Number of protein chains: 2
Amino acid sequence: MMKLYNYFRSSASYRVRIALNLKGLPYEPQFVHLPKGEHRGEAYGQVNPQALVPTLDTGQARLNQSLAIIEYLEETHPTPSLLPKDALGRARVRSLSLLVACEIHPMNNLRALQYLRKQLGQSEEGVTTWYRHWIADGLAKLEAELAASAQTGRFSHGDAPSMADCCLVPQIFNARRFDSDLKPYPTTMRIFNACMALEAFDRAQPSKQPDAE
Amino acid sequence: MMKLYNYFRSSASYRVRIALNLKGLPYEPQFVHLPKGEHRGEAYGQVNPQALVPTLDTGQARLNQSLAIIEYLEETHPTPSLLPKDALGRARVRSLSLLVACEIHPMNNLRALQYLRKQLGQSEEGVTTWYRHWIADGLAKLEAELAASAQTGRFSHGDAPSMADCCLVPQIFNARRFDSDLKPYPTTMRIFNACMALEAFDRAQPSKQPDAE
């Protein structure tokens with residue numbers, strides 16, 4: 001069975017948990033405690049030279065970076081598909097996914113917040129302002145994309161969940177943790193609610209993981 | 001002919017310029033002046049709701065997010081290929097690409113630096129410390145990946161340039177702009193030099209763009 005090195009609260013981990021669930025792929029979870037710095041330890045360095053979660057151990061290789069893992073799952077277990085069949089649709093789903101993965105999430109990562117606190121001497125207020133700024137900036141862009149396109153359906157792209165939804169949902173969990181105002185993003189939140197009604201998204205959520213605190 | 005909305009110094013733009021050149025695809029450049037804020041203007045908002053460069057206008061649709069654009073080019077113009085044929089190799093190239101695109105570049109984006117200066121009141125020294133920290137953190141991870149793998153060849157993956165090299169090279173240009181110390185990354189720099197010997201990388205570099213200042 002595949003092993004997934006992950007942490008309950010890591011939103012990149014959550015993306016992959018959703019994809020595995022949607023594709024009906026069982027996995028054995030391995031827990032890496034980020035606040036204790038276990039990802040920076042020597043043992044985990046052998047598993048993932050990037051010292052980040054998640055890592056998927058397929059038995060044959062250890063893969064990292066959540067979107068690369070989801071693309072791998074898509075290529076090796078194509079049903080149900082998390083990317084559309086047409087190249088333009090695939091570009092749209094990838095773009096929505098990368099909007100979350102490159103423009104929002106990195107700014108709000110634990111290590112970014114810790115660096116602001118410790119090395120740049122920011123107060124908790126400064127850190128929270130930073131966090132909410134990038135959530136608001138990024139979700140406004142996501143809402144603009146989703147609200148403007150006829151390709152948005154019940155989910156981010158059409159009426160079946162895609163890789164874009166695997167990224168959208170964990171980002172909303174992060175936003176709620178920091179009490180971001182989500183009223184300005186009605187399309188995004190409608191899609192979030194449609195996703196959370198599915199068992200694959202619900203079962204993967206942070207509070208339902210064995211390592212949840 | 002395809003149009004590429006870009007800015008000479010934007011490293012996400014540079015990634016796509018390289019990919020277009022490697023595939024021998026001509027394009028008409030459209031310039032978006034980021035320091036003047038043209039990307040946040042109403043006109044460009046019609047082009048790209050994410051208000052980011054690059055945007056590729058294929059004539060049929062406008063695509064954004066550099067890695068989504070490169071994947072689209074790969075699917076629609078498969079030769080020469082920028083991704084390996086095997087799923088594990090593709091996962092590796094995507095992971096190396098995302099390591100740059102998600103873990104390093106977002107932290108060093110113009111808008112992140114401006115926010116540190118203006119909203120969080122950081123000095124230039126604080127901003128430069130932040131910049132170099134994420135370059136050093138990310139390039140150490142990239143070097144570890146590249147140095148440890150038998151799949152690294154003349155380029156990041158084997159002996160032909162891939163999407164990973166389209167990401168690596170612009171990141172080194174950024175690091176040099178901020179005088180980061182690059183001696184700790186000999187494998188990365190060997191690959192950088194191999195890339196820059198190719199016309200496709202050289203011709204796409206910031207200083208050779210029509211809008212270079």
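## Helix packing in chain B

Helix axes are lines fitted to C-alpha atoms over the stretch in contact, and the angle between two of them runs from 0 to 180 degrees between N-to-C directions. In this predicted model, that description applies to helix H1 (residues 11-22) and helix H3 (residues 66-76) of chain B, which pack at an angle of about 10° with their axes 9 Å apart. Angles under 35 degrees count as roughly parallel, so H1(B) is roughly parallel to H3(B).

On the side of H1(B), the contact is formed by Ala12(B), Arg15(B), Val16(B), Ala19(B) and Leu20(B). H3(B) contributes Ser66(B), Ile69(B), Ile70(B) and Leu73(B). By residue class, this contact between H1(B) and H3(B) comprises 7 nonpolar residues, 1 polar residue and 1 charged residue.

## Relation of the two chains

## The interface between the chains

The contact between the chains involves 40 residues of chain A and 40 residues of chain B. On the side of chain A that touches chain B, the elements giving two or more residues are strand S4 (62-64), helix H3 (66-76), helix H4 (87-108), helix H5 (110-118) and helix H6 (124-148) of chain A. H4(A) gives the most to this side, with 13 residues.

The residues on this side of chain A divide into 22 nonpolar, 11 polar and 7 charged. Of the interface residues of chain A, 100% are also interface residues in chain B, so the copies meet through the same surface.

## Domains of chain A

The domain assignment divides chain A into domain 1 (2-80) and domain 2 (87-201). Taken over C-alpha atoms, the centres of these two domains of chain A are separated by 20 Å.

Contact between the domains of chain A involves 11 residues of domain 1 and 16 residues of domain 2. On the side of domain 1 that touches domain 2, helix H1 (11-22) and H3 of chain A each supply at least two residues. H1(A) gives the most to that side of domain 1, with 7 residues. The residues on the side of domain 1 of chain A that touches domain 2 divide into 8 nonpolar, 2 polar and 1 charged.

## Backbone features in loops

Cis peptide bonds are described here for each chain in turn. In chain A, such a bond joins Val53(A) and Pro54(A), with omega about 0°. Pro54(A) belongs to the loop between helix H2 (42-47) and strand S3 (55-57) of chain A. In chain B, a cis peptide bond joins Thr79(B) and Pro80(B), with omega about -10°. Pro80(B) is placed in the loop between H3 and helix H4 (87-108) of chain B.

The loop between H2 and S3 of chain A also holds Ala51(A). Phi of Ala51(A) is near 55°, a positive value in a residue other than glycine. A residue is buried if 20 or more other C-beta atoms lie within 10 Å of its own; Ala51(A) has 20 such neighbours and therefore counts as buried. In chain B, Ala51(B) lies in the loop between helix H2 (42-47) and strand S3 (55-57), and its phi is near 55°, again a positive value in a residue other than glycine. Ala51(B) is buried as well, with 20 other C-beta atoms within 10 Å.

Technical notes: Residues numbered from 1 in each chain as written. Chains lettered and ligands numbered in written order. Predicted model: local features only at pLDDT ≥ 70, side-chain atom pairs only at ≥ 80, totals over all residues. Contact = placed C-beta atoms within 7 Å. Helix = DSSP H or I, 4+ residues; strand = E, 2+ residues; numbered from the N terminus. Nonpolar A, V, L, I, M, F, W, Y, C, P; charged D, E, K, R; others polar. Parallel < 35°, antiparallel > 145°, perpendicular 65-115°, else oblique. Domains from an automatic or database assignment. Buried ≥ 20, exposed ≤ 12 C-beta atoms within 10 Å, placed from the backbone.
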